[in-house]
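Student: Could you take me through this model, beginning with a helix and then moving on to its core and its charged side chains?

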Amino acid sequence: MEATLFSFPSSKPPSPSLTQTQSKTLLTRPTNPFLSLTPRPTRHHHRLPTIRSAISRTKKEQTVETIKENLENCHLLAGIKYKGLTVKQFQDLRKVLPETTKLIVAKNTLVYKAIEGTPWEALKPCMTGMNAWLFVHSEEIPPAIKPYRDFQKEKKLDSNDFTGAVFEGKFYAPGDFKQLETMPTRAEIYAKLLGTLNSPASSLVGTIQAPARELVTLLKAYVQKLEEESGGGQ
């Protein structure tokens with residue numbers, strides 16, 4: 001007997017082809033707004049100043065103010081080439097300087113900002129390289145310069161010379177420092193004056209009156225006081 005095969009129709013509709021499914025999915029999938037081809041406007045973000053820059057600006061302003069303060073009652077301002085000097089050498093140098101002299105390390109731009117428009121602006125030729133600044137708050141210029149000269153010789157710092165100075169509104173180049181270092185002190189000036197008054201060749205001494213003698217005595221006492229102060233500072 002021959003077997004007969006019967007085929008029954010399926011209750012499920014035939015599955016669509018893969019291509020049809022993908023096409024239908026692409027047609028019904030919602031548009032992703034993040035994949036939009038429309039370019040967005042460029043946003044410019046303004047960066048706020050950082051804390052570091054604010055601190056740096058404040059420090060610069062403080063340095064300028066410190067320089068201006070030291071220019072008050074200052075008789076001489078000199079630059080010293082400090083490239084190569086160690087922290088230890090700076091500490092040792094500050095110890096040998098007189099109390100009336102102050103050494104400050106500051107950038108040329110900040111120093112110039114402080115002296116611009118003042119008689120100290122004559123120091124402009126020194127505004128190159130790395131400088132330390134010597135502020136002399138005394139009329140006695142040679143005793144203020146001598147400690148650094150001695151220190152320079154002792155430490156053999158020939159290359160760390162003065163780069164220039166301003167005294168009474170005049171600029172002194174490194175080659176002119178001999179004039180500053182050999183200036184007479186007040187005590188020497190008064191002594192010379194007294195020597196002139198007491199000279200036998202002076203006809204004034206023989207005819208001076210009592211008030212004049214009192215002036216000479218007062219000058220002698222003042223010279224002696226200056227000499228004692230000068231001897232005590234050495």
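**Reading burial, core and charge**

Tutor: In helix H4, the residues that are buried are Asn-108, Leu-110, Val-111, Tyr-112, Ala-114 and Ile-115. Buried means under 20% relative accessible area, exposed over 50%, and partly exposed in between, with a 1.4 Å probe and protein chains only; helices (H or I, at least four residues) and strands (E, at least two) are DSSP runs, numbered from the N terminus. This is a predicted model, in which local features need pLDDT of at least 70 and side-chain atom pairs count only at pLDDT 80 or more, while totals for chains, interfaces and linings use all residues. Residues are numbered from 1 along each chain as its sequence is written, and side-chain values use heavy atoms, with hydrogens and water left out.

Student: Which residues touch the most other members of the largest nonpolar core?

Tutor: A nonpolar core is a set of buried Ala, Val, Leu, Ile, Met, Phe, Trp, Tyr and Cys residues joined through side-chain atoms within 4.5 Å. Here the largest one has 24 residues, of which Leu-76, Leu-103, Leu-134, Phe-162 and Leu-180 touch the most other members. At least two core residues come from each of several elements, among them strand E1 (76–81), helix H3 (87–96) and helix H5 (141–154), and H5 gives the most, with five residues.

Student: How should I read a salt bridge, and how many are there?

Tutor: Side chains of opposite charge can pair when their charged atoms come close. The rule asks for a side-chain nitrogen of Lys or Arg within 4 Å of a carboxyl oxygen of Asp or Glu, and by this rule the count comes to four. In one of them, Asp-92 pairs with Lys-88, the closest N and O atoms being 3.0 Å apart; both lie in helix H3, four residues apart, about one turn of the helix.

Student: Are Asp-92 and Lys-88 buried or exposed?

Tutor: Asp-92 counts as buried, at 18% relative accessibility, whereas Lys-88 is exposed, with a relative accessible area of 52%.

Student: Which salt bridge links distant parts of the chain?

Tutor: The side chains of Asp-161 and Arg-149 meet at 2.7 Å, N to O, and this pair joins the loop between H5 and E4, where Asp-161 lies, to Arg-149 in helix H5, 12 residues apart. Asp-161 is partly exposed, with a relative accessible area of 25%, while Arg-149 is buried, at 14%. Arg-149 and Asp-161 also belong, with Glu-181, to a network of salt bridges.
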